[in-house]
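Dear colleague,

I am handing over the structure below, and my notes on it follow. Please read them with the sequence and the model open beside you.

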Amino acid sequence: MKILVLSNSFSGLHSFRKEVFKEFRNQGWEVIISSPVGGDSEKAMWFKNIGCDIIDTHFNRQGMNPIADFKLMLTYKKLIKLVKPDVILSYTIKPNLYGGLASRLCKVPQLANITGLGAAVEYPGMLQKFTIMLYKVCMSKTRLVFFQNNANRQFCIGHKMVKGRTQLIPGSGVNLEYHTLKPYPAEEEPVRFLFISRIRVEKGIEEYLAAAEAIRKEFPNTEFHIIGSCEGDYESRLKKLTDEGIVVYHGSQNDVRPFIEKASCVIHPSFYPEGMSNVLLEACAAGRPIITTNRPGCGEIVDNGKTGFIVRQQDKEDVIEKVRLFLTKEYNERTQMGLAARAKVEREFDRKIVVKAYVDEIKTLMINS
(Lines give C-alpha, C1' and ligand atoms only; values in the text may rest on other atoms or scores of the structure.)
Protein backbone atom coordinates (compact mmCIF):
# COMPACT_ATOMS: atom_id res chain seq x y z
CA MET A 1 0.00 0.00 0.00
CA LYS A 2 1.41 3.34 -1.08
CA ILE A 3 -0.15 6.45 0.51
CA LEU A 4 0.34 9.98 -0.80
CA VAL A 5 -0.41 12.59 1.86
CA LEU A 6 -1.26 16.17 0.86
CA SER A 7 -1.11 18.87 3.53
CA ASN A 8 -0.39 22.56 3.95
CA SER A 9 1.92 22.23 6.97
CA PHE A 10 4.35 19.81 8.57
CA SER A 11 3.69 21.61 11.83
CA GLY A 12 0.07 20.45 11.96
CA LEU A 13 0.99 16.91 10.95
CA HIS A 14 3.67 16.77 13.64
CA SER A 15 1.54 18.26 16.41
CA PHE A 16 -1.64 16.26 15.87
CA ARG A 17 -1.04 13.30 13.54
CA LYS A 18 2.28 11.67 14.40
CA GLU A 19 0.51 8.59 15.75
CA VAL A 20 -1.36 8.12 12.46
CA PHE A 21 1.89 8.05 10.47
CA LYS A 22 3.61 5.78 12.97
CA GLU A 23 0.80 3.26 12.56
CA PHE A 24 0.95 3.51 8.76
CA ARG A 25 4.64 2.65 8.91
CA ASN A 26 3.99 -0.13 11.47
CA GLN A 27 1.57 -1.62 8.93
CA GLY A 28 4.43 -1.67 6.43
CA TRP A 29 2.79 0.91 4.18
CA GLU A 30 4.84 3.32 2.07
CA VAL A 31 4.10 6.97 2.92
CA ILE A 32 4.96 10.01 0.78
CA ILE A 33 4.15 13.44 2.21
CA SER A 34 3.70 16.49 -0.01
CA SER A 35 3.71 19.73 1.97
CA PRO A 36 5.61 23.04 2.18
CA VAL A 37 8.70 22.56 4.37
CA GLY A 38 9.56 26.22 4.95
CA GLY A 39 10.51 26.74 8.60
CA ASP A 40 9.31 23.25 9.54
CA SER A 41 12.45 21.39 8.46
CA GLU A 42 12.95 19.78 11.90
CA LYS A 43 9.36 18.53 11.94
CA ALA A 44 9.64 17.29 8.36
CA MET A 45 12.80 15.43 9.41
CA TRP A 46 10.83 13.60 12.11
CA PHE A 47 8.64 12.06 9.42
CA LYS A 48 11.69 11.25 7.31
CA ASN A 49 13.28 9.52 10.29
CA ILE A 50 10.33 7.12 10.66
CA GLY A 51 10.61 6.19 6.99
CA CYS A 52 8.33 8.63 5.16
CA ASP A 53 9.42 10.27 1.90
CA ILE A 54 9.15 14.06 1.83
CA ILE A 55 8.27 16.21 -1.20
CA ASP A 56 8.60 19.94 -0.54
CA THR A 57 5.57 21.45 -2.29
CA HIS A 58 5.33 25.22 -2.11
CA PHE A 59 2.01 27.05 -2.34
CA ASN A 60 0.24 30.01 -0.76
CA ARG A 61 -1.95 28.69 2.03
CA GLN A 62 -3.92 31.94 2.34
CA GLY A 63 -6.41 33.56 -0.02
CA MET A 64 -7.74 32.57 -3.42
CA ASN A 65 -5.75 33.10 -6.59
CA PRO A 66 -7.32 31.11 -9.45
CA ILE A 67 -4.10 30.92 -11.47
CA ALA A 68 -1.94 29.86 -8.50
CA ASP A 69 -4.58 27.37 -7.33
CA PHE A 70 -4.86 25.87 -10.82
CA LYS A 71 -1.07 25.47 -10.84
CA LEU A 72 -1.30 23.68 -7.49
CA MET A 73 -3.83 21.25 -8.98
CA LEU A 74 -1.45 20.61 -11.90
CA THR A 75 1.40 20.08 -9.42
CA TYR A 76 -0.67 17.50 -7.55
CA LYS A 77 -1.63 15.82 -10.83
CA LYS A 78 2.02 15.49 -11.88
CA LEU A 79 2.88 14.23 -8.41
CA ILE A 80 0.20 11.54 -8.53
CA LYS A 81 1.43 10.33 -11.92
CA LEU A 82 5.01 10.25 -10.61
CA VAL A 83 4.32 8.54 -7.27
CA LYS A 84 1.51 6.24 -8.47
CA PRO A 85 -0.15 6.00 -5.04
CA ASP A 86 -2.87 3.51 -4.13
CA VAL A 87 -4.68 6.15 -2.09
CA ILE A 88 -4.44 9.89 -1.42
CA LEU A 89 -4.96 11.24 2.10
CA SER A 90 -5.49 15.01 2.28
CA TYR A 91 -5.74 17.55 5.09
CA THR A 92 -6.81 21.22 5.09
CA ILE A 93 -8.72 23.20 2.48
CA LYS A 94 -6.45 23.58 -0.56
CA PRO A 95 -4.99 20.05 -0.46
CA ASN A 96 -8.55 18.72 -0.06
CA LEU A 97 -9.90 20.73 -3.00
CA TYR A 98 -7.10 20.69 -5.53
CA GLY A 99 -5.83 17.30 -4.43
CA GLY A 100 -9.40 16.10 -4.83
CA LEU A 101 -9.63 17.38 -8.39
CA ALA A 102 -6.22 15.91 -9.27
CA SER A 103 -7.13 12.54 -7.74
CA ARG A 104 -10.40 12.56 -9.72
CA LEU A 105 -8.55 13.23 -12.99
CA CYS A 106 -6.00 10.51 -12.19
CA LYS A 107 -8.65 8.08 -10.92
CA VAL A 108 -6.95 7.50 -7.56
CA PRO A 109 -9.18 7.23 -4.44
CA GLN A 110 -9.01 10.18 -2.06
CA LEU A 111 -9.65 10.22 1.68
CA ALA A 112 -10.13 13.83 2.79
CA ASN A 113 -10.14 15.28 6.29
CA ILE A 114 -12.12 18.51 6.71
CA THR A 115 -10.49 20.16 9.71
CA GLY A 116 -12.78 23.18 9.42
CA LEU A 117 -14.61 24.92 6.59
CA GLY A 118 -12.98 28.32 7.03
CA ALA A 119 -14.38 31.83 6.86
CA ALA A 120 -15.05 31.59 3.10
CA VAL A 121 -17.78 29.02 3.79
CA GLU A 122 -18.80 30.28 7.23
CA TYR A 123 -20.25 33.61 6.11
CA PRO A 124 -22.98 33.99 3.43
CA GLY A 125 -22.15 35.89 0.27
CA MET A 126 -20.59 35.50 -3.17
CA LEU A 127 -17.38 34.03 -1.75
CA GLN A 128 -19.38 31.36 0.07
CA LYS A 129 -21.28 30.47 -3.13
CA PHE A 130 -18.02 30.25 -5.10
CA THR A 131 -16.36 28.08 -2.45
CA ILE A 132 -19.35 25.73 -2.26
CA MET A 133 -19.14 25.36 -6.04
CA LEU A 134 -15.43 24.52 -5.74
CA TYR A 135 -16.19 21.75 -3.26
CA LYS A 136 -18.86 20.34 -5.58
CA VAL A 137 -16.44 20.27 -8.52
CA CYS A 138 -13.28 19.18 -6.74
CA MET A 139 -14.61 16.64 -4.24
CA SER A 140 -17.42 15.02 -6.20
CA LYS A 141 -15.47 11.75 -6.48
CA THR A 142 -13.85 11.68 -3.04
CA ARG A 143 -14.14 8.15 -1.64
CA LEU A 144 -14.55 9.19 2.00
CA VAL A 145 -14.63 12.55 3.80
CA PHE A 146 -13.74 12.60 7.49
CA PHE A 147 -15.44 15.42 9.41
CA GLN A 148 -14.34 16.68 12.83
CA ASN A 149 -17.72 18.00 13.89
CA ASN A 150 -21.30 17.23 12.90
CA ALA A 151 -22.20 20.82 11.99
CA ASN A 152 -19.57 20.85 9.22
CA ARG A 153 -20.76 17.44 8.08
CA GLN A 154 -24.40 18.46 7.86
CA PHE A 155 -23.55 21.74 6.10
CA CYS A 156 -21.55 19.93 3.40
CA ILE A 157 -24.16 17.24 2.91
CA GLY A 158 -26.99 19.78 2.86
CA HIS A 159 -25.23 21.91 0.23
CA LYS A 160 -24.22 18.80 -1.78
CA MET A 161 -20.54 19.75 -1.43
CA VAL A 162 -19.55 16.08 -1.04
CA LYS A 163 -21.13 13.09 -2.76
CA GLY A 164 -19.16 10.15 -1.39
CA ARG A 165 -19.29 8.57 2.04
CA THR A 166 -18.75 10.65 5.16
CA GLN A 167 -17.57 9.71 8.63
CA LEU A 168 -17.43 11.69 11.87
CA ILE A 169 -14.21 11.42 13.87
CA PRO A 170 -13.35 13.21 17.16
CA GLY A 171 -11.16 15.89 15.61
CA SER A 172 -7.52 14.92 15.62
CA GLY A 173 -8.10 13.27 18.98
CA VAL A 174 -5.67 13.71 21.84
CA ASN A 175 -2.70 11.54 22.76
CA LEU A 176 -3.59 10.59 26.33
CA GLU A 177 -0.15 9.15 27.00
CA TYR A 178 1.54 12.45 26.09
CA HIS A 179 -1.13 14.73 27.56
CA THR A 180 -1.43 13.03 30.93
CA LEU A 181 -3.68 13.78 33.88
CA LYS A 182 -1.96 16.31 36.14
CA PRO A 183 -2.59 17.04 39.85
CA TYR A 184 -4.87 20.03 40.25
CA PRO A 185 -3.08 23.16 41.57
CA ALA A 186 -3.06 23.43 45.38
CA GLU A 187 -5.92 25.28 47.04
CA GLU A 188 -3.65 27.99 48.45
CA GLU A 189 -2.27 28.89 45.00
CA PRO A 190 -3.74 31.72 42.89
CA VAL A 191 -6.56 30.70 40.57
CA ARG A 192 -4.88 30.81 37.18
CA PHE A 193 -6.83 31.15 33.95
CA LEU A 194 -5.14 30.37 30.65
CA PHE A 195 -5.76 31.38 27.03
CA ILE A 196 -3.85 29.45 24.33
CA SER A 197 -4.31 30.48 20.71
CA ARG A 198 -3.18 32.73 17.94
CA ILE A 199 -3.91 36.20 19.33
CA ARG A 200 -6.69 37.37 17.01
CA VAL A 201 -10.23 38.67 17.42
CA GLU A 202 -11.91 35.51 16.10
CA LYS A 203 -10.25 33.37 18.76
CA GLY A 204 -11.95 35.37 21.52
CA ILE A 205 -9.01 37.38 22.83
CA GLU A 206 -11.17 40.50 23.35
CA GLU A 207 -13.59 38.56 25.54
CA TYR A 208 -10.70 37.07 27.51
CA LEU A 209 -9.07 40.47 28.07
CA ALA A 210 -12.40 41.95 29.19
CA ALA A 211 -12.74 39.13 31.72
CA ALA A 212 -9.18 39.67 32.94
CA GLU A 213 -9.74 43.40 33.53
CA ALA A 214 -13.05 42.89 35.33
CA ILE A 215 -12.15 39.85 37.43
CA ARG A 216 -8.71 41.01 38.56
CA LYS A 217 -10.38 44.01 40.24
CA GLU A 218 -12.89 41.80 42.08
CA PHE A 219 -10.66 38.80 42.80
CA PRO A 220 -7.02 39.83 43.36
CA ASN A 221 -5.99 36.20 43.93
CA THR A 222 -6.47 35.41 40.23
CA GLU A 223 -4.07 35.42 37.29
CA PHE A 224 -4.82 35.56 33.56
CA HIS A 225 -2.13 33.95 31.41
CA ILE A 226 -1.86 34.10 27.61
CA ILE A 227 0.14 31.96 25.16
CA GLY A 228 0.26 32.47 21.40
CA SER A 229 1.66 34.47 18.51
CA CYS A 230 0.22 37.94 18.03
CA GLU A 231 -1.58 39.27 14.98
CA GLY A 232 -2.23 42.96 14.36
CA ASP A 233 -1.23 45.35 17.15
CA TYR A 234 -1.81 42.90 20.00
CA GLU A 235 1.84 42.50 21.00
CA SER A 236 2.22 46.09 22.28
CA ARG A 237 -1.21 45.91 23.89
CA LEU A 238 -0.44 42.68 25.74
CA LYS A 239 2.89 44.08 26.91
CA LYS A 240 1.08 47.09 28.37
CA LEU A 241 -1.50 44.86 30.11
CA THR A 242 1.31 42.67 31.46
CA ASP A 243 3.12 45.73 32.84
CA GLU A 244 -0.16 46.76 34.52
CA GLY A 245 -0.51 43.33 36.14
CA ILE A 246 -3.77 42.46 34.37
CA VAL A 247 -2.43 39.56 32.29
CA VAL A 248 0.78 37.57 31.94
CA TYR A 249 1.81 37.14 28.31
CA HIS A 250 4.22 34.28 27.59
CA GLY A 251 4.53 34.63 23.81
CA SER A 252 4.62 31.49 21.67
CA GLN A 253 5.56 28.23 23.35
CA ASN A 254 6.57 24.92 21.79
CA ASP A 255 5.24 22.93 24.73
CA VAL A 256 2.12 24.22 26.48
CA ARG A 257 1.82 21.31 28.93
CA PRO A 258 3.68 23.01 31.84
CA PHE A 259 1.38 26.03 31.52
CA ILE A 260 -1.77 23.89 31.43
CA GLU A 261 -0.51 22.01 34.51
CA LYS A 262 -0.29 25.26 36.49
CA ALA A 263 -3.69 26.48 35.27
CA SER A 264 -6.95 26.12 37.19
CA CYS A 265 -9.10 26.61 34.07
CA VAL A 266 -8.54 27.07 30.33
CA ILE A 267 -10.69 29.68 28.57
CA HIS A 268 -11.27 29.51 24.81
CA PRO A 269 -14.09 31.93 23.82
CA SER A 270 -13.52 31.35 20.10
CA PHE A 271 -15.96 32.14 17.32
CA TYR A 272 -13.45 31.05 14.66
CA PRO A 273 -14.58 28.23 12.30
CA GLU A 274 -12.98 25.34 14.20
CA GLY A 275 -12.77 21.67 13.23
CA MET A 276 -12.23 20.45 16.78
CA SER A 277 -10.25 22.54 19.25
CA ASN A 278 -6.98 20.82 20.14
CA VAL A 279 -6.37 23.38 22.89
CA LEU A 280 -9.51 22.27 24.70
CA LEU A 281 -8.79 18.57 24.20
CA GLU A 282 -5.31 18.97 25.67
CA ALA A 283 -6.63 21.01 28.61
CA CYS A 284 -9.27 18.38 29.42
CA ALA A 285 -6.70 15.59 29.07
CA ALA A 286 -4.66 17.26 31.82
CA GLY A 287 -7.75 17.37 34.04
CA ARG A 288 -8.57 21.04 33.69
CA PRO A 289 -12.08 22.53 33.47
CA ILE A 290 -12.76 24.64 30.38
CA ILE A 291 -14.86 27.69 29.49
CA THR A 292 -15.72 27.90 25.79
CA THR A 293 -18.34 28.84 23.24
CA ASN A 294 -21.17 26.62 22.10
CA ARG A 295 -20.06 26.53 18.51
CA PRO A 296 -18.94 23.59 16.33
CA GLY A 297 -15.53 22.30 17.36
CA CYS A 298 -15.73 23.73 20.88
CA GLY A 299 -19.13 22.98 22.40
CA GLU A 300 -18.84 19.22 21.82
CA ILE A 301 -15.87 19.04 24.20
CA VAL A 302 -17.57 20.48 27.28
CA ASP A 303 -20.45 19.11 29.36
CA ASN A 304 -21.91 22.39 30.58
CA GLY A 305 -21.80 22.66 34.36
CA LYS A 306 -19.96 19.36 34.71
CA THR A 307 -16.60 19.72 32.94
CA GLY A 308 -16.75 23.49 32.48
CA PHE A 309 -19.07 26.18 31.17
CA ILE A 310 -20.53 27.28 27.85
CA VAL A 311 -20.51 30.99 26.96
CA ARG A 312 -22.26 32.85 24.17
CA GLN A 313 -19.87 33.81 21.40
CA GLN A 314 -18.71 37.44 21.26
CA ASP A 315 -20.37 38.12 24.62
CA LYS A 316 -17.89 39.67 27.05
CA GLU A 317 -20.41 39.90 29.89
CA ASP A 318 -21.26 36.22 29.61
CA VAL A 319 -17.57 35.28 29.78
CA ILE A 320 -17.14 37.48 32.86
CA GLU A 321 -20.24 35.92 34.45
CA LYS A 322 -19.02 32.35 33.83
CA VAL A 323 -15.58 33.16 35.25
CA ARG A 324 -17.29 34.54 38.36
CA LEU A 325 -19.39 31.37 38.54
CA PHE A 326 -16.26 29.25 38.33
CA LEU A 327 -14.69 31.24 41.17
CA THR A 328 -17.72 30.62 43.40
CA LYS A 329 -17.16 26.87 43.16
CA GLU A 330 -15.50 25.13 46.08
CA TYR A 331 -11.98 23.86 45.51
CA ASN A 332 -13.18 20.25 45.50
CA GLU A 333 -15.84 21.06 42.89
CA ARG A 334 -13.22 22.53 40.54
CA THR A 335 -11.06 19.45 41.01
CA GLN A 336 -13.99 17.18 40.21
CA MET A 337 -14.80 19.19 37.09
CA GLY A 338 -11.24 18.59 35.89
CA LEU A 339 -11.46 14.84 36.56
CA ALA A 340 -14.77 14.69 34.69
CA ALA A 341 -13.13 16.51 31.76
CA ARG A 342 -10.35 13.90 31.66
CA ALA A 343 -12.89 11.07 31.77
CA LYS A 344 -14.82 12.61 28.86
CA VAL A 345 -11.80 12.80 26.55
CA GLU A 346 -10.82 9.26 27.49
CA ARG A 347 -14.28 8.07 26.39
CA GLU A 348 -14.79 10.22 23.33
CA PHE A 349 -11.58 11.85 22.06
CA ASP A 350 -8.71 9.35 22.39
CA ARG A 351 -6.44 9.74 19.34
CA LYS A 352 -6.44 5.96 18.98
CA ILE A 353 -10.04 6.29 17.72
CA VAL A 354 -8.81 8.51 14.87
CA VAL A 355 -5.87 6.24 13.99
CA LYS A 356 -8.19 3.23 13.83
CA ALA A 357 -10.62 5.06 11.52
CA TYR A 358 -7.87 5.74 8.96
CA VAL A 359 -6.35 2.27 9.17
CA ASP A 360 -9.71 0.51 8.90
CA GLU A 361 -10.67 2.48 5.79
CA ILE A 362 -7.34 1.84 4.06
CA LYS A 363 -7.50 -1.87 4.87
CA THR A 364 -11.02 -1.96 3.38
CA LEU A 365 -9.65 -0.25 0.28
CA MET A 366 -6.90 -2.89 0.04
CA ILE A 367 -9.42 -5.73 0.26
CA ASN A 368 -11.68 -4.21 -2.41
CA SER A 369 -8.95 -3.17 -4.83
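**A salt bridge within one helix**

Asp318 and Lys322 are separated by about one helical turn, because the two residues lie four positions apart in helix α13; helices here are DSSP runs of H or I with at least four residues, strands are runs of E with at least two, and both are numbered from the N terminus. These two residues form a salt bridge whose closest N and O atoms are 2.7 Å apart, the term meaning a side-chain nitrogen of Lys or Arg within 4 Å of a carboxyl oxygen of Asp or Glu. Asp318 is buried at a relative accessible area of 2%, and Lys322 also counts as buried, at 14% (buried is under 20% relative accessible area, exposed is over 50%, and partly exposed is in between, with a 1.4 Å probe and protein chains only).

Before going further, please note that this is a predicted model, in which local features need pLDDT of at least 70 and side-chain atom pairs count only at pLDDT 80 or more, while totals for chains, interfaces and linings use all residues. Residues are numbered from 1 along each chain as its sequence is written, and side-chain values use heavy atoms, with hydrogens and water left out.

**Other salt bridges**

The structure holds 23 salt bridges. One of them joins Arg324 to Glu218, with the closest N and O atoms 2.8 Å apart. That pair links distant parts of the chain, since Arg324 belongs to helix α13 (residues 316-328) and Glu218 to helix α9 (residues 205-218), 106 residues apart. Arg324 is partly exposed at 31% relative accessibility, and Glu218 is likewise partly exposed, at 39%. Another salt bridge brings together the side chains of Lys240 and Glu244, at 2.6 Å from N to O, and Glu244 is partly exposed with a relative accessible area of 44%.

**The protein as a whole**

The protein contains 15 helices and 13 strands, and 54% of its 369 residues count as buried. Its radius of gyration of 21 Å agrees with the value near 21 Å for a compact globule of 369 residues, where the radius is taken over C-alpha atoms and the globule rule is 2.2 Å times the number of residues to the power 0.38. Along the principal axes, the C-alpha atoms fill a box of roughly 65 × 45 × 40 Å. Of the contacts with a separation of 6 or more, 68% are between residues 24 or more positions apart, a contact being heavy atoms within 4.5 Å.
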